[in-house]
Amino acid sequence: MLRLKRAVIFLLCVIFLSVFAVLSSASKQNSLLIINAQVADGTGAPLRQANVRVDLGHIVGVGDLTPKKGETVIDATGLVLAPGFIDIHNHSADGLLTDPQAESQIAQGITSLIVGPDGESPWPIINWVRTIQQLHTAPNVGIFAGHATIRKQAMGQDYKHAATPGEMKMMELFMGQAMNQQALGLSSGLEYEVGSYSNTDELVDLAKIAAQHGGIYMTHIRDEGDNSFQALDEEMMIAERAHIPVEHSHIKLGTVRVHGNAASFINVINEARQRGIDFMADCYPYDAWHADIKVLVPSKEYDHPSTVARALEDVGGASHVTITEFKPNPSYVGHTLADLAKANHVSDEDMYIRLIHDGDAANTEAMIICQSIIESDIKAFFQQPWVMVASDGGIANSHPRGAGTFPRVLGVYVREKHWLTLPEAIRKMTSLPAQRLSWEDRGVIREGAFADLVLFNPDTVIDKSTYTNPEALSTGIEKVFVNGELVWDKGKPTSARPGHFIGRRGAASDLLN
Ligand SMILES: [Zn+2]
């Protein structure tokens, strides 16, 4: 009898506590109404004036809405309200661990960032995801499984050859594992050391597994310079043979011999799209790339003065190459290869070879920014309906794209140069990447979608980051909401970190929560 009484009391307590919890959370979560904004809904439709109501993390109304009693109201007169920006190519996997607030990212209006591009991802993926979920991040995050990462797991240091059947079996196993851990697909970086030794069959094999799980193939192709057309052909072959949607990373033509060829590159792509290949690409708004110094010499003949000389010519000369990181001699940072050669009284190619040797001896590589993309090619790519905006940057990046990409497109390409209309630019930052990731409830302003939102001033929004001050925060982004919570307000982050981990089809997996 006593036991029954205790059980009844216990049950009553539980019921009381849960009712209390529901009531207190409901009273904390007043709905929010944003009024008088010009809405760019993410679909590319023209701006229209509408009020938008947010409740319990979602958009619950769009239109001619009037404030309810007790509701928080934001008057957004003069501002544009857009879906939060989705950065499909972001290098913040490590940065988020020390900076989960991701100030430089949310300051740009990024509400979801996808890590693991260019063939490199944390491993095992589930460990990273659990850490991120325990930390809580301001933006939402998603992750790709890196091809080079999987390759190294299977092959160790002995990776300088095409994978053997035994190694292939292991890589297939890892790929399946990553997809079960909610990776969004396979990423590759075929211009980089580990990925460069793979052949097309290897990539088709792994891409097939990604496709079976509903993932996509995101690739930094094998060559972005002289041989970029062949590299593009390989990419289409992988897409066709593996029946997988493709995201072409940071589309560009990076050497003088292919400069000005954007129109023919686009033709090849449009023909492939007509054949049924599900191809999209992303582009960053800068004329310089950022990578390790070895990428300059695709033949890997880093020691051959004539090969190196030609490689430097290909990018417009040693004055186009600036050192951003060099552990053996940090005083080189900020200087061009041409300046260093002059100061050391050696030729440009000998200076390059010296950097390679000093780097190898210290088991490291110089990182460089290389200005080798021309504006007319960037413009042509950005104007394609299948090209979205992505940063290729991230937290604490030494390239200005890490802190400036999205406001730069809005300020420079939309407002100053008129390359894009504002609604089209917003579509490239929101619904287009969402469509690529099959995220149905983000990247758009409509009833029922998640309330990832950005309020910005179209007359002032601009990037402030430069090559000498790459982490300067952008301005003109007034307020940013992630899952209905304000994370950025009046030029500062709030302390909220409401980001979700997002898997395929936009779902947070039960496995991981
Ligand atoms: Zn890349």
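Me: How many bridges pair β11 with β12, and in which sense?
Reply: Strands of a sheet pair through backbone hydrogen bonds, either parallel or antiparallel. Here β11 (residues 216-220) pairs with β12 in the parallel sense, over three bridges. Strands are DSSP E runs of at least two residues, helices are H or I runs of at least four, and both are numbered from the N terminus. Two strands pair if DSSP finds at least two bridges between them. This is a predicted model, where local features need pLDDT of at least 70, side-chain atom pairs count only at pLDDT 80 or more, and totals for chains, interfaces and linings use all residues. Residues are numbered from 1 along each chain as its sequence is written, and side-chain values use heavy atoms, with hydrogens and water left out.

Me: Which residue in β12 is the bridge partner of Met-218?
Reply: Glu-247 is the partner.

Me: What is the strand order of the open sheet?
Reply: The six strands run β9-β10-β11-β12-β13-β17, with parallel pairing. The edges are β9 (145-146) and β17; each has a single partner strand, so one side of each lacks a neighbour in the sheet.

Me: Which protein atoms are donors of the zinc ion?
Reply: Donors are N, O and S atoms within 2.8 Å of the metal (3.2 Å for Na, K and Ca); water is not among the atoms, so sites may look incomplete. The zinc ion has two OD donors from Asp-118, plus His-220 (ND1) and His-250 (NE2), at 2.0 to 2.7 Å. Along the chain their spacing is D-x101-H-x29-H. Asp-118 lies in the loop between β7 (110-115) and α4 (125-135), and His-250 in the loop between β12 (246-248) and α10 (262-274), so the pair ties together parts 132 residues apart in sequence. Both Asp-118 and His-250 are buried (under 20% relative accessible area; exposed is over 50%, partly exposed in between; 1.4 Å probe, protein chains only).

Me: Why is the arrangement around the zinc ion irregular?
Reply: Four donors count as tetrahedral if all angles lie between 85 and 135 degrees; four count as square planar and six as octahedral if opposite donors are over 155 degrees apart and all others between 65 and 115; anything else is irregular. The four donor atoms here subtend angles of 52 to 130 degrees, so the arrangement is irregular.

Me: How many disulfides are there?
Reply: A disulfide is a covalent bond between the sulfur atoms of two cysteines. With the criterion of two cysteine sulfur atoms within 2.5 Å, the count is zero. The sulfur of Cys-283 is 16 Å from the closest cysteine sulfur, in Cys-370, too far for a bond.
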